Amino acid sequence: MNAPAEHANLARQHLIDPEICIRCNTCEEICPVDAITHDSRNYVVKFDTCNGCLACISPCPTGAIDSWRNVDKAAPHSLADQYSWDYLPDTTELDQLEATVMGAAELPAEVQQITEVATAGQGGPALAPWSASHPYVNIYSPAAPITATVTGNYRLTAEDASSDIHHIVLDFGTTPFPILEGQSIGIIPPGTDDKGKPHLLRMYSVASPREGERPHYNNLALTVKRVVEDHEGKPARGVASNYVCDLKKGDKVQVTGPYGSTYLMPNHPGSSIMMICTGTGSAPMRAMTERRRRRMDRKEGGELVLFFGARAPEELPYFGPLQKLPKDFIDINFAFSRVPGEPKRYVQDAIRERADKVFQMLQDDNCYIYICGLKGMEAGVLEAFRDICRANGADWDALRPQLLAKARFHVETY
Ligand SMILES: Cc1cc2nc3c(=O)[nH]c(=O)nc-3n(C[C@H](O)[C@H](O)[C@H](O)COP(=O)(O)OP(=O)(O)OC[C@H]3O[C@@H](n4cnc5c(N)ncnc54)[C@H](O)[C@@H]3O)c2cc1C
Ligand code: SF4
Ligand code: SF4
């Protein structure tokens with residue numbers, strides 16, 4: 001959109017709402033031109049670098065990124081201003097006028113298209129399945145969180161397992177906290193960091209279906225892994241995960257959210273779901289599976305196929321209950337990478353072993369695909385999809401944008 005000549009001095013400045021932003025870094029990672037940066041306080045957008053490509057809008061779990069103000073081109077809000085904000089500045093009369101997004105006019109359509117394809121690999125501009133229920137998002141902000149009460153906390157992994165994963169149940173009493181399968185919540189750990197600032201919230205996927213872990217009691221479940229080493233394997237005590245894993249029944253917890261308006265399950269009868277996860281990536285898969293399990297007698301049809309990777313069976317959250325589900329309800333494929341005396345198998349190996357089924361599901365417009373777990377798992381899974389497509393005379397790079405356009409492909413890795 002070109003600005004009318006009389007408003008040529010105006011520009012639409014892209015900003016981030018500091019009140020809602022949960023500092024998850026998604027936008028900074030996804031921005032193709034490095035227009036986003038942050039300090040310990042705020043995420044901010046560089047006025048001169050942002051070209052308005054909008055690649056960051058849909059992956060932002062909170063909507064904080066979709067904030068815009070009209071400014072005088074010669075006097076935009078500086079980075080220093082943005083770093084200091086607790087709230088967005090009020091709109092002014094300038095916001096009533098038409099203004100161009102800085103840089104957008106110079107961006108050729110072709111480049112925009114290439115950018116969209118380039119960002120598709122990281123989850124891409126995401127849509128919710130057409131039959132997903134309408135989610136509520138962002139009801140409780142970090143400035144005004146809701147207090148939940150812990151009503152359950154038990155260890156899911158075996159006592160001698162190397163990972164300590166807990167199933168936590170939070171109860172919201174009489175305060176509304178509507179949630180759908182696939183959404184996440186924020187938890188604010190108490191206390192301050194080493195600079196004396198309050199801890200930022202951490203996000204956790206909800207592991208229970210929409211009507212709650214205990215149906216109709218306004219509660220939900222989480223699957224939280226105690227972080228005791230960093231991504232490189234060096235000892236590190238994770239602030240929030242240790243806090244959550246140590247919670248006792250009756251403890252009060254500050255919760256924000258709910259978050260996420262695209263990683264949602266389809267609701268129409270006959271829709272199939274392919275779920276691929278490792279570790280705590282099982283949380284949203286449990287939520288979706290539970291939703292379907294509790295409605296099994298309605299015979300709504302649609303297949304559930306699960307690929308679940310872990311080091312060993314003892315490390316698998318929900319291993320026992322999963323084993324009890326009928327085979328014609330869910331097709332479960334485990335992959336264990338560290339069982340003594342057995343060859344290493346990763347989740348992508350399990351996917352490759354079921355190549356025919358996977359290809360059939362990739363082709364099926366009624367099948368929705370969900371990937372969740374640590375960042376590291378994504379590349380192997382995508383490589384397996386690529387190989388399976390190639391072996392069947394199809395092209396993954398051509399298929400992926402189609403899946404995204406139909407809201408059939410959803411990735412949440414952290
Ligand atoms: C959308 C979303 C959903 C999530 N869902 C879940 C969930 O269902 N269950 C869950 O347990 N976590 C989940 N996470 C991750 C969670 O938000 C925290 O990042 C994680 O619990 C670590 O936080 P911490 O405060 O304990 O560690 P921090 O104090 O933030 O970090 C301590 C150190 O550990 C490293 N580290 C951080 N996370 C991990 C990790 N997962 N594994 C290894 N090293 C790590 C950090 O880089 C740092 O060096 C989710 C994240 C996102 C973005
Ligand atoms: S919440 Fe949105 S704006 Fe804030 S860091 Fe995450 S993606 Fe960026
Ligand atoms: S609109 Fe595009 S260029 Fe601007 S911050 Fe978002 S991803 Fe970056």
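This report describes selected features of a predicted model, from its ligand surroundings to its core and backbone.

## Basis of the model

The model is predicted, so that local features need pLDDT of at least 70 and side-chain atom pairs count only at pLDDT 80 or more, while totals for chains, interfaces and linings use all residues. Residues are numbered from 1 along each chain as its sequence is written, chains are lettered from A and ligands numbered from 1 in the order in which they are written, and side-chain values use heavy atoms, with hydrogens and water left out.

## Surroundings of two ligands

A residue is near a molecule if one of its heavy atoms lies within 4 Å of it. Around ligand 2 there are 13 residues, of which C21, C24, C27, C60 and T62 come nearest; by class, this shell divides into nine nonpolar, three polar and one charged. Here Ala, Val, Leu, Ile, Met, Phe, Trp, Tyr, Cys and Pro count as nonpolar, Asp, Glu, Lys and Arg as charged, and the others, Gly among them, as polar.

## The largest nonpolar core

In soluble globular proteins, nonpolar side chains tend to be buried together. A nonpolar core is taken as a set of buried Ala, Val, Leu, Ile, Met, Phe, Trp, Tyr and Cys residues joined through side-chain atoms within 4.5 Å, where buried means under 20% relative accessible area, exposed over 50%, and partly exposed in between, with a 1.4 Å probe and protein chains only. The largest such core has 27 residues, and I276 and F385 have the most contacts inside it. Elements that each supply at least two residues of this core include β12 (272-278), β13 (304-310) and α9 (377-391), and the largest share, seven residues, comes from α9. Helices (H or I, at least four residues) and strands (E, at least two) are DSSP runs, numbered from the N terminus.

Contact means heavy atoms within 4.5 Å. Not counting residues up to four places away in sequence, F385 touches M274, I276, I351, V358, L362, I369, I371, W396 and F409.

A287 is found in helix α5 (residues 282-294) and counts as buried because its relative accessible area is 0%. Leaving aside neighbours within four places in sequence, A287 is in contact with E181, V206, A207, S208 and P209.

K357 lies in helix α8, and because its relative accessibility is 14%, K357 counts as buried. Beyond neighbours within four places in sequence, K357 is in contact with E303 and V305; K357 and V305 are 52 residues apart in sequence, and 9.2 Å apart in space from C-alpha to C-alpha.

## Backbone details

Most residues other than glycine have a negative phi, and most peptide bonds are trans. The peptide bond from G257 to P258, however, is cis, with omega near -10°, and P258 has its place in strand β11 (residues 252-259).

R23, in the loop between β1 (10-15) and α1 (26-30), has a positive phi near 60°. N218 has a positive phi near 55° and lies in the loop between β9 (202-205) and β10 (219-225); because its relative accessibility is 26%, N218 counts as partly exposed.
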